[in-house]
Each structure stands twice: as structure tokens, then as C-alpha cells.
Number of protein chains: 4
Amino acid sequence: MKSIKTGILGLGRIGKIHLQNLMHKIPQAELIAAVNPSEAGKAYAKKFNVPIVSSDSDVIFENPDIEAVIICSPNDTHAAYVERAAKAGKAIFCEKPLDLSLEKVKGLLKITEDHGVPLMVAFNQRFDVNFSKIKSLVAEGKLGDLRSINITSRDPAPPPIPYIKSSGGLFLDMTIHDFDMARYIANSEVMEVFARGYNLVDPEIGETGDIDTGFVMLTFENRATAMIENCRQSAYGYDQRLEVFGSKGMTQANNIYKDTHQFLDVAGVHGSRPLDFFMDRYLDSYLNEMNAFIGALSKNEAPPVTGLDGLKATAIALAANKSMKENRLVAMTEILDGLG
Amino acid sequence: MKSIKTGILGLGRIGKIHLQNLMHKIPQAELIAAVNPSEAGKAYAKKFNVPIVSSDSDVIFENPDIEAVIICSPNDTHAAYVERAAKAGKAIFCEKPLDLSLEKVKGLLKITEDHGVPLMVAFNQRFDVNFSKIKSLVAEGKLGDLRSINITSRDPAPPPIPYIKSSGGLFLDMTIHDFDMARYIANSEVMEVFARGYNLVDPEIGETGDIDTGFVMLTFENRATAMIENCRQSAYGYDQRLEVFGSKGMTQANNIYKDTHQFLDVAGVHGSRPLDFFMDRYLDSYLNEMNAFIGALSKNEAPPVTGLDGLKATAIALAANKSMKENRLVAMTEILDGLG
Amino acid sequence: MKSIKTGILGLGRIGKIHLQNLMHKIPQAELIAAVNPSEAGKAYAKKFNVPIVSSDSDVIFENPDIEAVIICSPNDTHAAYVERAAKAGKAIFCEKPLDLSLEKVKGLLKITEDHGVPLMVAFNQRFDVNFSKIKSLVAEGKLGDLRSINITSRDPAPPPIPYIKSSGGLFLDMTIHDFDMARYIANSEVMEVFARGYNLVDPEIGETGDIDTGFVMLTFENRATAMIENCRQSAYGYDQRLEVFGSKGMTQANNIYKDTHQFLDVAGVHGSRPLDFFMDRYLDSYLNEMNAFIGALSKNEAPPVTGLDGLKATAIALAANKSMKENRLVAMTEILDGLG
Amino acid sequence: MKSIKTGILGLGRIGKIHLQNLMHKIPQAELIAAVNPSEAGKAYAKKFNVPIVSSDSDVIFENPDIEAVIICSPNDTHAAYVERAAKAGKAIFCEKPLDLSLEKVKGLLKITEDHGVPLMVAFNQRFDVNFSKIKSLVAEGKLGDLRSINITSRDPAPPPIPYIKSSGGLFLDMTIHDFDMARYIANSEVMEVFARGYNLVDPEIGETGDIDTGFVMLTFENRATAMIENCRQSAYGYDQRLEVFGSKGMTQANNIYKDTHQFLDVAGVHGSRPLDFFMDRYLDSYLNEMNAFIGALSKNEAPPVTGLDGLKATAIALAANKSMKENRLVAMTEILDGLG
């Protein structure tokens with residue numbers, strides 16, 4: 001299998017993880033260039049001995065050796081970078097979301113298709129070892145016909161208000177992972193969406209026009225139902241669970257705890273909390289997803305998560321927004337039929 | 001505390017449990033008379049040495065010594081027995097449902113009120129040690145402000161088709177327990193109901209016009225949301241879980257397993273299934289609820305579950321039916337405002 | 001299968017359980033007579049409608065209808081009752097211990113053998129659903145060749161000092177259950193015993209000459225090793241666990257908890273304690289063992305636990321005492337070879 | 001806090017982990033030089049950009065900038081490297097064992113003391129997050145007076161026969177971790193040792209004169225007892241558990257599983273196996289122990305595990321060997337009193 005030369009754009013929290021993985025943990029990958037506006041990010045790349053470190057993205061896009069770009073810059077730069085990478089004929093790995101506008105996402109898909117470049121949208125949770133075990137069980141038929149999918153996602157604490165303001169709202173920012181997961185598990189398309197949302201955690205969130213607690217019911221074409229619950233705050237840490245029920249059985253992926261100890265005293269049993277930082281909880285998933293991307297490229301296969309997956313999850317989120325605002329069941333056709 | 005003299009109507013599966021409990025496990029109760037049409041039921045009562053055993057309910061209603069009647073005869077006899085007991089001035093413990101008609105339930109409440117007799121509707125799951133622990137934690141404020149209640153109830157196997165035909169449908173027959181539980185935990189009234197249901201288990205159930213798999217979202221006045229999932233069939237046994245999430249924490253009541261063993265081999269960890277008969281799973285709850293009824297009577301207190309609780313749960317079930325049929329969010333006022 | 005007519009001697013805590021089981025839960029058994037010196041015990045038997053209730057054991061031993069006697073009177077009466085039952089030709093179910101003297105136990109075995117009456121020693125823990133699941137897995141070969149057996153038994157609180165004084169000591173009174181369990185699981189005989197014991201819980205126990213905390217290592221003929229730990233006091237409740245390790249896997253029977261709830265807050269996960277009364281923890285085992293006894297009689301089979309099992313467990317306990325006192329490894333031949 | 005300049009000797013499996021940690025995960029550490037005889041090891045160090053890479057240990061011992069050496073070369077080189085490092089005045093972090101001879105270990109302790117260099121023996125399991133949680137609970141007094149410590153350690157598969165031949169035997173090679181853990185948890189010294197061992201896994205191991213399954217009972221000065229069980233083979237993966245019981249409660253550190261999924265079907269509950277490679281199970285512990293070593297140096301504190309800890313664990317292992325061979329209880333004085 002050939003080695004894949006890559007360049008990375010953006011060295012924030014997730015960019016740093018991708019950099020480490022590409023440098024030291026993925027034998028098939030070679031990281032040629034790292035681009036970041038700030039000196040801190042560049043110093044990090046230099047410490048890891050990345051050959052080319054710059055604040056100018058040209059070192060990536062105009063470098064003919066680079067076959068794949070890893071986009072983990074701020075969300076509002078994704079679309080432009082994807083477009084430029086496509087035009088430069090480079091394979092693309094892009095953090096979600098491609099864009100908050102469905103029209104724009106649709107446009108990006110067309111561009112990448114026209115230029116024949118592979119595009120992977122980084123829904124990292126698909127690559128979490130616990131959730132991918134669930135997916136395997138479903139794919140192997142162990143669950144029989146699916147009846148329900150339950151997803152619980154509760155963040156330890158809300159992000160800063162400025163982040164929330166530019167996030168597109170809870171459903172587009174947070175629940176989008178669960179919409180993708182539900183589609184991935186169901187292996188079917190959503191037909192109808194019912195969603196409700198509340199501002200229960202912090203009034204400041206409500207003042208931005210956003211919710212912090214959401215409930216969604218998705219109806220799939222294969223008659224499975226997904227029930228999704230999200231909250232921006234959880235006193236007991238990061239809660240990330242998935243349950244699937246079918247005609248032959250049920251399966252659950254549970255939380256990972258800080259340690260495995262149990263302490264029993266006169267008051268009962270006590271144990272530690274779940275891991276409460278997404279970088280702890282999902283650290284392995286970032287390596288797994290990058291391995292999957294690089295592996296697909298080196299075998300000339302399509303990446304395991306596509307731009308279309310990104311589009312579909314975004315469309316469900318928009319349907320959920322519509323359902324919540326109009327207090328009614330929304331058909332996916334209402335969202336998708338209007339698309340050019 | 002005084003001893004309470006009781007008579008029991010109906011010696012089916014649950015009646016037999018009540019009989020044993022009243023005879024041997026509740027010191028404050030005295031079982032004077034047992035009524036059942038069949039010889040088998042009467043033989044059972046004789047074996048346990050119940051003083052009066054008959055197929056004629058007069059031995060209960062016309063016996064001035066009997067202060068309380070336990071109604072566990074077939075569902076379609078409940079209303080008539082409740083009415084007769086009320087008129088005879090006897091305290092009433094009645095298995096759910098009082099009746100499938102909300103108007104009729106409302107009437108029964110009026111009659112018992114007019115005659116000043118206590119009426120307890122037997123929502124036994126409130127008295128399950130696991131669920132009542134959850135209730136205590138909520139009541140003590142350990143959860144903070146409630147945000148969500150998740151209830152999963154999956155039966156090991158569907159009941160016979162004739163039972164389903166006369167059951168009033170999944171929401172009135174099975175989910176009604178969860179509607180009561182959600183109200184009990186939330187300690188608030190339901191405002192709006194969204195429900196969907198499917199026939200996924202057995203086409204014969206669909207042919208009766210009923211569903212076998214249901215999903216309900218309840219919105220409470222205190223802004224908590226309940227997500228309820230029911231299914232008539234579960235390959236892995238009886239699944240009865242409750243989860244409550246609030247601003248200060250989260251709590252779950254999990255299933256009880258056949259045994260506690262774990263076996264680890266090259267393929268992983270293996271354990272036994274959950275208990276799969278409701279009489280195993282909830283056996284203690286029947287004793288606890290009867291103790292609560294008898295205890296309340298002997299202290300001249302109101303019983304812990306009232307006729308109004310029965311009415312409210314029935315109303316939510318009717319709203320769920322309406323929501324499912326009309327594919328829309330239904331306000332509880334649509335159901336309750338019409339009531340005389 | 002024929003019905004077995006029984007008489008019970010002793011209506012203490014365990015006797016009452018046997019009485020209820022024989023009266024109402026074991027269809028093949030008929031309880032004809034109950035004997036107890038005190039009025040309270042007799043009143044209990046009358047409440048349950050036992051035909052003959054007396055303080056004179058003759059009503060059992062001289063009643064030709066009674067085929068089996070259930071001996072649950074005080075320990076120091078066991079030997080005499082067993083002997084009398086044997087001579088009366090009645091099958092015997094006797095609570096452990098038959099006697100604290102190995103010579104006397106040996107004598108009782110001879111008497112029952114000479115009179116051809118079945119004798120079951122009531123090691124109820126063999127009939128606990130969790131432990132018997134472990135036994136099944138071992139018997140089915142799922143564990144492969146056994147390597148180790150770990151038994152943990154910790155009582156919630158020590159018994160009264162007078163009880164301890166007449167108990168024969170920790171190894172004969174408490175660990176004897178574990179010695180039997182280890183033999184039962186190993187399906188092999190003990191060759192060597194190493195034991196240590198300490199007075200760590202209550203100095204008053206030490207003053208009686210007894211220990212309250214014991215550790216035993218048993219070596220079996222099949223080369224399995226059992227590690228047993230006992231303590232008379234446990235702050236977190238009754239702890240009863242069994243672990244078996246073999247060439248193909250490992251299995252554990254864990255504790256049963258008061259309820260299944262988990263509560264997660266900022267401090268971590270919390271749950272209830274294990275059941276802490278042996279009558280809760282082992283209630284089912286008493287029914288199962290009586291069913292096994294009655295079932296064996298009605299099929300003319302040998303009872304599943306024999307007098308020899310009682311003798312062997314007693315011998316191991318005596319070897320443990322010797323090992324502890326002499327601070328050395330003791331061979332079982334040292335105990336058994338001297339026996340007449 | 002000052003930064004510590006280090007050199008590493010040996011780039012096998014564990015050396016590579018230490019290298020990565022020193023290069024990228026411990027801000028206070030600087031890795032100046034890496035020494036390994038083979039090209040593969042050196043290539044690894046170059047990939048990570050270690051400034052000096054050589055097969056000659058002089059680059060470390062004669063480099064005045066290097067303050068601390070990390071010794072993870074083959075076991076039979078430890079003693080010589082420790083001695084040379086001491087003479088060069090460098091702080092020492094050495095993988096266990098210092099040496100298999102107690103006399104030699106004693107000599108190394110004297111040399112390091114004479115040269116005033118800190119010496120840390122790398123008992124990495126002390127730094128496992130699960131076990132260190134247990135240690136904290138004990139240290140905080142949550143357990144009360146300790147009564148027992150149970151350690152289970154079962155390897156997934158035996159090491160190669162040549163490794164076993166030079167290992168010093170099960171107790172010195174494998175159980176030594178548990179001897180250290182027991183001392184660490186008990187916070188007391190061992191007085192007496194009773195040990196038994198068997199060749200149950202592979203006859204070839206027995207032919208080397210070694211055992212593959214061992215059982216040890218340790219008696220501590222504070223009257224706590226440790227029960228340790230080791231096996232070279234476990235069908236279900238790597239089993240690493242610790243349980244501590246005291247007057248106020250009990251605590252357990254359990255295994256870490258490959259994932260958190262549970263699958264329930266008609267046959268029961270199923271989950272994945274424990275992690276079965278020690279590099280997965282204990283990966284974090286290597287980072288934690290190096291952080292502890294570097295942290296202690298930079299604060300001029302003594303390292304948290306000392307040469308004396310290494311000596312004591314070795315002495316217990318030798319006592320266990322003696323006990324096993326002589327089939328008797330061995331006092332630690334028999335081992336330690338002879339030491340010069």
C-alpha cells in the first residue's frame with residue numbers, strides 16, 4: 001500500500017490530535033505541511049518536526065506532493081478550503097460541518113464530485129470503539145429487524161456564549177452527531193422528524209435564541225424509530241450512550257468511567273464519574289477515523305463517511321429546527337425537495 | 001393500629017398473590033372472604049384457609065364486617081364492583097384500569113367521593129423497590145430541576161390476540177403504567193403529548209387495529225420531558241427501566257437478572273437474562289402496594305394512589321391515541337376539557 | 001410422583017421458612033406435624049393450618065404416616081433427632097451441623113446407613129441460584145480444568161457472644177459452608193489445608209478463644225486450589241461471592257443488591273448496598289433445597305447432599321483449626337485417618 | 001520548576017513508550033539522548049527527533065548535561081547500568097528488577113546512597129489510575145483498619161520458554177508486582193509468607209523447574225492478610241484486579257474492557273473481553289510513573305518508589321520460593337536477617 005502525503009489546516013485542539021496521529025501513529029501517512037495562523041500552533045508543529053510549517057495555506061494547496069488535506073480550521077473556513085482543495089485535486093478530510101447552509105453543502109458536494117476528489121466528513125463518533133461495536137452487531141444481523149435507536153448525549157458544560165451564537169444552534173452543532181449516528185446505525189433514511197427543545201440550563205443561552213436541551217424523534221424508512229436526547233450540561237460528566245433494539249435482541253454502548261474502582265461502605269456502592277472531556281472520551285476515535293481515511297485513499301476506495309452523509313445529517317438538523325419552531329411533525333421531503 | 005378486615009374479588013394470577021399477602025404477610029390485614037366464579041380459584045382460597053369462600057360476591061358486599069374490598073376480577077367488571085363497593089361504604093383497592101372510558105372513570109370517582117370511601121388504583125410499579133428508590137431521590141431534591149424522564153418497557157412476548165382485542169390498545173393497556181410513572185416521578189401534570197406507534201412484532205396484532213411498538217413524548221408543566229418506549233416483544237426478556245435526568249444528576253433503575261453470575265471466556269463476558277415474567281419482576285411490588293393500602297386505611301389516611309391518578313393516566317393514554325392517529329402534537333386540554 | 005408426608009422439628013427462623021415452603025410452595029410435600037417447645041412457634045404453625053402441632057416430638061417419630069423429618073431445632077439436638085429418626089425409619093433432612101464431633105458424625109452416618117434411611121445435610125448455599133449456576137458451568141466443562149476457587153463470605157455483624165461460644169468456632173460454624181461449597185465446585189477431595197485466623201472485629205470474640213476473621217487455602221486432589229476468606233463483620237452488608245477459574249475461562253457469582261438503582265452526580269456513581277440479611281439473600285435457596293430433598297424422596301433417589309458431605313466439611317474445618325493452631329500445612333489424612 | 005534533561009537506555013517495548021512520553025507528554029522533561037544496540041531502536045528515536053541517538057551508552061553516562069537516566073534495557077544489564085549511573089551522579093529510573101540477587105540489590109542501594117543519587121524502581125502498577133484510586137481510599141482512612149488485600153493477576157498467555165528460564169521464576173518475575181502492590185496498599189511490612197505453586201498451564205514450563213500458577217498468603221505487621229493469585233494463562237484475557245477490605249468498607253479495582261457494549265439476546269447478556277495486552281492495560285501507568293519521577297526530581301523530592309521498595313518485594317518473592325519448596329510458613333526474618 002502506498003504512503004499518503006498530507007497537509008493539515010488548523011492546529012486547534014483537534015488539529016493537534018490529527019497532527020500527532022499523522023506523524024507517529026499512522027504508518028501509511030506522511031505529514032508534509034501544517035498551516036496555522038498563530039505562532040503557538042506553528043510551534044507545536046515544529047516540536048513534532050513537521051517539514052513545512054507556515055501560516056500561509058498556499059504551502060499546502062500549491063504543493064503538488066500533497067495528496068490529501070486535513071481541514072480542522074474554524075467552521076466558517078471549511079467551505080472555502082474544501083472548494084480550494086477540490087480545485088487543487090486533493091483528497092479532503094473535513095471536520096464537520098461542511099457548512100450550515102444546505103445549499104452550500106450541496107454545492108461543495110458537486111464541486112468535489114466534478115473534480116473527482118474523495119471527501120470525508122469527520123463524524124468521529126462513528127469510529128468510537130464502543131459505537132462501532134454496536135454498528136457491527138447491527139450489520140451482522142444480531143439485532144434482527146431494528147425497532148428503536150436511543151441516543152443520549154449530554155455535555156459536561158455548555159460552550160461559551162460566543163460559540164453558541166455562531167454554532168447554528170443545538171441541533172446543527174451538537175445533535176448533528178446523533179443524527180449521523182442514527183442514520184449510520186439504522187442504515188436507512190429518515191422520513192419524518194419531531195423535535196422539541198428548551199432553555200433549561202442557562203438563561204443566557206436562551207437569550208441567543210438557542211436551546212440547551214433537545215428531544216428528537218426520527219422515523220426511518222425501515223420503520224425504526226430513533227429517540228435522541230441532548231443537553232448542554234450534565235452534573236455527572238460527559239454522557240454518551242447508544243442503545244439499539246431489534247427483533248432479536250438489544251445492545252447498548254455505555255459510558256467510559258475515569259477508573260474502574262468501586263467502594264462499598266455503610267451507605268452503599270460508590271464509583272468514579274464518567275470521563276468528562278470529549279478529548280478523553282473520543283481520543284481513540286480520532287485515530288481510528290484518520291486511519292480509515294488514509295486507508296481508503298491508499299487502497300483507492302471511497303472514504304467511509306461521505307459528503308452526502310454530511311448533507312443528510314445537516315438536513316435532519318434543519319428539519320428538527322423546523323419541527324421545533326412549528327410544533328409539528330416535519331417530513332424530510334419538506335427540507336430536501338426544495339434543494340436544487 | 002387497627003386490623004383491617006378485607007374481602008377479595010377475583011383469584012387470577014394477581015388475586016392469588018394478594019390473597020397470600022393478605023393472609024400471611026400483612027399483619028394488619030385480615031382476609032375474611034374470597035370470591036371467585038371457578039372451583040380452581042376457590043380451592044386455592046380454601047387451601048390458604050380463607051374463612052369465607054364463595055362464587056357469590058354478596059358474601060363480600062353484604063358482609064358488614066368487611067371494611068375493604070380488593071378488586072382483581074376481569075377488567076370489564078371493575079366499574080360495577082367499584083360502584084357497588086362505594087355504595088356499600090367499603091374502602092376500595094382496584095386493579096387498573098378502573099375503566100377504559102374516561103367519562104365512566106370520572107363517574108366512578110364521583111361515586112366514591114359521594115360515599116366518602118377511599119379508592120386506590122393499583123399502579124403496582126410505583127411500589128417496585130427500584131422505582132420507588134428513584135422517586136425518593138427525586139423527592140429529596142437529589143436530581144435538582146428535572147429535565148427528562150426515560151421509560152423503557154418491553155414485554156417478553158405479546159399477550160393472546162383476544163386479550164389485545166379487549167385491551168383498549170397498547171397505550172391504554174401497557175403504556176398506562178408508564179404514563180402513571182412519568183406523572184409520579186415528574187410530580188407535575190402533562191401538558192402535551194406526541195405519540196407514534198407501529199405494528200412490527202406480529203401482523204395479527206395489526207389486524208386487530210392495534211400497535212405493538214409505541215413511542216411517546218410527554219411535555220410536563222414543569223418543563224420536564226418524558227420519552228417512553230414500549231414494545232410487546234423482547235427477545236432478551238422483560239425490560240423495565242427508568243432513567244431520570246436533572247440539573248444535579250441522573251439516576252437509573254435497571255433490570256433485575258435471573259442470577260448474578262458472569263462467565264468470561266475467549267469470546268467475552270456472558271451473563272444471564274433479565275427476569276422475564278412480570279410476576280417475578282414485580283412480586284415484591286404487590287406486597288408493598290397492599291401494605292401501603294392497608295397501612296393508609298389503618299391510619300385513616302388517603303391511599304397513596306388515587307382514583308384521580310387512574311383518571312389522569314387514562315387521559316394521557318387517550319391523548320396518545322389521538323396524537324398517533326392524527327400525526328400531531330395533542331394538548332391535554334383537548335382530552336380533559338370535554339369532560340363533564 | 002407420590003406425595004411425601006413430613007414432620008418438622010423446630011420453628012425458629014429457618015424452621016418457619018421450611019414450614020411455609022412445605023405448606024404452600026412444594027406441591028409434592030405434605031406437612032403433617034410441627035413440633036416446637038414454645039407457644040410462639042406453635043401459634044405460627046397453627047396460623048398456617050398445620051394438622052398436628054405439638055411440643056412433643058413423639059407426634060412425629062411415632063406417627064407411621066410421616067415419611068420424612070425436617071430437623072431445624074437447636075444444633076445440640078441434631079444428633080439425637082437424627083438417630084431417633086433413623087431408628088424410626090424416616091428420611092432425614094437436617095440443618096448443618098450434624099454434630100461438631102467428627103466421631104459422632106461418623107456414628108450418625110453409620111446409623112442412617114444401617115437403617116437404610118436417606119439423610120440430607122442442609123447446605124442451603126448449594127441451592128442458591130447464583131452458586132448453582134456456577135456449579136452448572138463447571139459441571140458442563142465450560143471452565144476446563146479447574147485452577148482456583150475463591151470464596152468470600154463476610155457477615156454483616158457478628159452473632160451474640162453466647163452463640164459464638166457454642167458455635168465450635170469460625171471454621172466449624174461459618175467457613176463450613178465454604179468448605180462444602182469448595183468441595184462441591186471442585187468435585188474433588190481436599191488433600192491439604194493451610195489456615196490462619198485473627199481476632200480483628202471485636203475483642204470479646206477473642207476472649208472466647210475464637211477468631212472473627214479467617215483465611216484458608218485448600219489444595220484439592222485435582223490440583224485446584226481454593227482460597228477462602230471469612231469475616232464476622234462487614235460495614236457494607238452481607239458479602240457472598242464465589243469465583244472459579246479454569247483453563248477455559250472464569251466465572252463469578254456476585255452479590256445481590258437491595259435495588260438496581262444507580263445515581264450519578266458530581267461526586268460519581270452511587271448505588272445501594274448488598275442485601276444484608278442471610279434470610280433475604282438466601283431465601284430462595286431454602287425453597288430450592290427442600291424441593292430437591294422432597295423431589296429425591298419421591299423419585300426414590302439419593303438426596304443431593306449427603307451425610308458424608310457433612311462429615312467431609314466438618315473434617316476440613318477441623319483441619320483448618322489444627323493448621324491455624326500449629327501454624328503449618330495440615331494433611332487431611334491427619335484428620336481422617338484417625339477416624340474409626 | 002526546572003526542566004530535567006534525561007537519557008534513555010534501551011528501546012524495547014517499554015523503552016519506546018518512555019521515549020514518547022519524555023519527548024511529547026512531559027513538559028518538564030527533555031530527552032537528550034537515546035541508546036540502543038539495534039538499528040531499529042535507533043531509527044525509532046530518530047523518527048521522534050531525539051537529539052543524540054547512539055548504540056554507545058557513553059553518550060549518556062559521559063554527558064554532563066544529562067541529569068537522569070532511564071534504564072529499560074534487558075534485565076541482566078540493570079545492575080551494571082545502575083552502578084555506572086550512580087557513579088556518574090545521575091538520578092536513576094530503573095525498570096524492575098534491579099537484580100534477582102538480594103545481596104546484589106542491597107549493594108546497589110548502598111552505591112546509590114553513597115553517591116547521593118535518587119533511585120526509582122519502576123513498579124508501574126502503582127501508577128495505574130485504578131490501583132492508585134484504591135491506594136488513595138486506603139490512605140484517606142475510608143477503609144478503616146485493613147483486614148485483607150486480594151490480588152488477582154492472570155496473564156493472557158505465558159511468555160516464551162527462554163524468557164521463563166531467565167526470569168527467576170513466577171514469584172520473582174510476575175508476582176513481584178503484587179508483592180509490591182500489597183506492601184504499598186497495606187503500608188506495612190510483611191512478617192510471614194505462605195506460598196504454593198503448580199505447573200498447570202504448560203508442561204514445558206514445568207520442565208524448566210518453574211511454576212505457572214501460584215498462590216500466596218502474606219501476613220503483615222499490621223495484621224492485614226494478603227491473598228495473591230497468579231497464573232501465566234487466562235483464556236479470557238488479561239485479568240488484573242485488586243480488592244481491599246477493612247473495618248469501614250471494601251474497595252475493588254476491576255478490569256478494563258475492550259469496549260463498553262452489552263448485547264442481550266435470548267441466551268443472556270454478552271460483552272467484550274478485558275483488554276489483553278499489558279501495554280494497553282497499563283499504558284497510562286507508564287506516563288504517570290515517569291511524571292512522578294520527573295516531578296520528584298524537579299522538586300528535589302525523593303522518588304515515590306525507592307530502591308528499598310525493590311529490595312523488599314524481591315525479598316518477599318524469595319520467601320515465597322522458600323515457602324513453596326519447603327511446604328511451610330516462612331518468616332521474613334529468615335530472608336532478611338542473613339543480609340549483610
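Reply:
**A pair of packed helices**

In this predicted model, helix H6 (residues 129–139) of chain A packs against helix H9 (residues 175–186) of chain A at an angle of about 30°, and their axes lie 9 Å apart. Helices here are DSSP runs (H or I, at least four residues), numbered from the N terminus, while the axes are lines fitted to C-alpha atoms over the stretch in contact, with angles running from 0 to 180 degrees between N-to-C directions. H6(A) and H9(A) are therefore roughly parallel to each other, a term for angles under 35 degrees.

From H6(A), the residues Phe131(A), Ile134(A), Lys135(A) and Val138(A) meet Met181(A), Tyr184(A) and Ile185(A) of H9(A), where contact means heavy atoms within 4.5 Å. Sorted by class, the contact of H6(A) with H9(A) holds six nonpolar residues, one charged residue and no polar ones; Ala, Val, Leu, Ile, Met, Phe, Trp, Tyr, Cys and Pro count as nonpolar, Asp, Glu, Lys and Arg as charged, and the others, Gly among them, as polar.

Beyond this pair, a rotation of 180° with 0.0 Å of shift along its axis superposes chain A on chain B, with an RMSD of 0.0 Å, and that is the relation of a two-fold axis. The copies are superposed by least squares on C-alpha atoms of residues with pLDDT of at least 70 in both. In chain A, Arg328(A) has the C-alpha nearest the axis, 3.1 Å from it.

Residues are numbered from 1 along each chain as its sequence is written, and chains are lettered from A in the order in which they are written. Local features need pLDDT of at least 70, side-chain atom pairs count only at pLDDT 80 or more, and totals for chains, interfaces and linings use all residues, while side-chain values use heavy atoms, leaving out hydrogens and water.

Key. Helix = DSSP H or I, 4+ residues; strand = E, 2+ residues; numbered from the N terminus. Parallel < 35°, antiparallel > 145°, perpendicular 65-115°, else oblique.
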